[in-house]
Amino acid sequence: APFSGSHALSAGLLVGIKQLIPDHVIFTQFPALRVRHLPLCLFGWCTLLTVLRVCSARYFTVTAAGFAASWVYLRYFQARESGRGDLSDALSLASFFPESAQPQVLQYSTAMINVVDGMMRKGPPGGQTDSQQPGSAGIVVDDPVAERRKHLALQALNERLQRTTIESNPLSTSSTAAEGDQIEKSAEEIV
């Protein structure tokens, strides 16, 4: 019996769910199955059914097209508060593969992604990106989640710096405060 087109929709839906809750655990037994593994499981299942000739090649092709279309949309075109697309590592192409295969996938997909990024990501008018602006640290943060993580990391760094300066020399707080301000400025430039 022929399949309907819902398998492409299923692949796209799993990619979207992976974007929303990638670390949600579905199956806790060994091996633990997380939401981020589901698109690869569906893709592997389609490949297996096609190779064993249980299903026609159309099943594999339509599922792969649903996967690719949803990934490209979420990665480059989805409207977000911070602009368009989700450029987080959680939605990178390599994140759909097992961790042991991710370096090889990154190696082969970098060229393709650079071409797509070059076509889809254009700088602001004037040709100067935020990282090229004078006084910029060279890191552009458009994602509110990444901005929050950056803020928390900077706060933890400041707390650790204050503890270290108090523990190392409690008597001369004026000199360590000046050094702390200098280290804090360089930490902000890095982050």
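I call a residue buried under 20% relative accessible area, exposed over 50%, and partly exposed in between, with a 1.4 Å probe and protein chains only as cover. By that scale Leu106, at 44% relative accessibility, counts as partly exposed.

**Ground rules.** I am reading a predicted model, in which local features need pLDDT of at least 70, side-chain atom pairs count only at pLDDT 80 or more, and totals for chains, interfaces and linings use all residues. Residues are numbered from 1 along each chain as its sequence is written, and side-chain values use heavy atoms, with hydrogens and water left out.

**Overview.** I took helices (H or I, at least four residues) and strands (E, at least two) as DSSP runs, numbered from the N terminus. The chain has six helices and four strands. From the N terminus on, I read the order as α-β-β-α-α-β-β-α-α-α. Of its 191 residues, 24% count as buried. The chain exposes about 13,300 Å², and carbon and sulfur atoms supply 61% of that; the areas come from the Shrake-Rupley method with a 1.4 Å probe. I counted a contact when heavy atoms lie within 4.5 Å. Among contacts between residues at least 6 apart in sequence, 48% join residues at least 24 apart.

**Helix α1.** For helix lengths I used an expected span of 1.5 Å times one less than the number of residues. The 15 residues of α1 should span 21 Å, and its end C-alpha atoms are 21 Å apart, which agrees. I listed its buried residues as His7, Ala8, Ala11, Gly12, Leu14, Val15, Gly16, Lys18 and Gln19. Their cover includes α2, α3 and β3 (79-80).

I stopped at His7, which sits in α1 and is buried at 10% relative accessibility. Leaving out residues up to four places away in sequence, I found His7 touching Leu42, Arg58, Tyr59, Val62 and Thr63.

**Helix α2.** This helix covers residues 38-51 and has 14 residues. From first C-alpha to last, α2 reaches 20 Å, close to the 20 Å expected. Which of its residues are buried? I noted Leu38, Pro39, Leu42, Cys46, Leu49 and Thr50. Seen down the axis of α2, these buried residues fall within an arc of 110°, so they line one face of the helix. The arc is that of the directions from the helix axis to the C-beta atoms. Cover for the buried residues of α2 includes α1 (6-20), β1 (25-27), β2 (33-34) and α3 (57-77).

Next I checked Arg53, which lies in the loop between α2 and α3. Its phi is near 60°, a positive value in a residue other than glycine. Arg53 is exposed, with a relative accessible area of 74%.

**Helix α3.** I counted 21 residues here, reaching 29 Å from first C-alpha to last, close to the 30 Å expected. The buried residues of α3 are Tyr59, Thr63, Gly66, Phe67, Ser70, Trp71, Leu74, Arg75 and Tyr76.

**The core.** I defined a nonpolar core as a set of buried Ala, Val, Leu, Ile, Met, Phe, Trp, Tyr and Cys residues joined through side-chain atoms within 4.5 Å. The largest one has 17 residues, and those with the most contacts inside it are Val15, Leu42, Tyr59, Phe67, Trp71, Leu91 and Phe96. The elements giving two or more residues to this core are α1, α2 and α3. Which element supplies the largest share? It is α3, with five residues.

Not counting residues up to four places away in sequence, Trp71 touches Val15, Tyr76, Leu91, Ser92, Leu93 and Phe96.

**Back to Leu106.** This residue lies in helix α4 (residues 102-120). Leu106 and Ser92 are 14 residues apart in sequence and 9.1 Å apart in space, C-alpha to C-alpha.

**Cysteines.** A disulfide is a covalent bond between the sulfur atoms of two cysteines. I searched for pairs of cysteine sulfur atoms within 2.5 Å. How many disulfides does the whole structure hold? My search found zero. The sulfur of Cys55 is 7.8 Å from the closest cysteine sulfur, in Cys46, too far for a bond. Cys55 is buried, at 10% relative accessibility, whereas Cys41 is partly exposed, with a relative accessible area of 40%.
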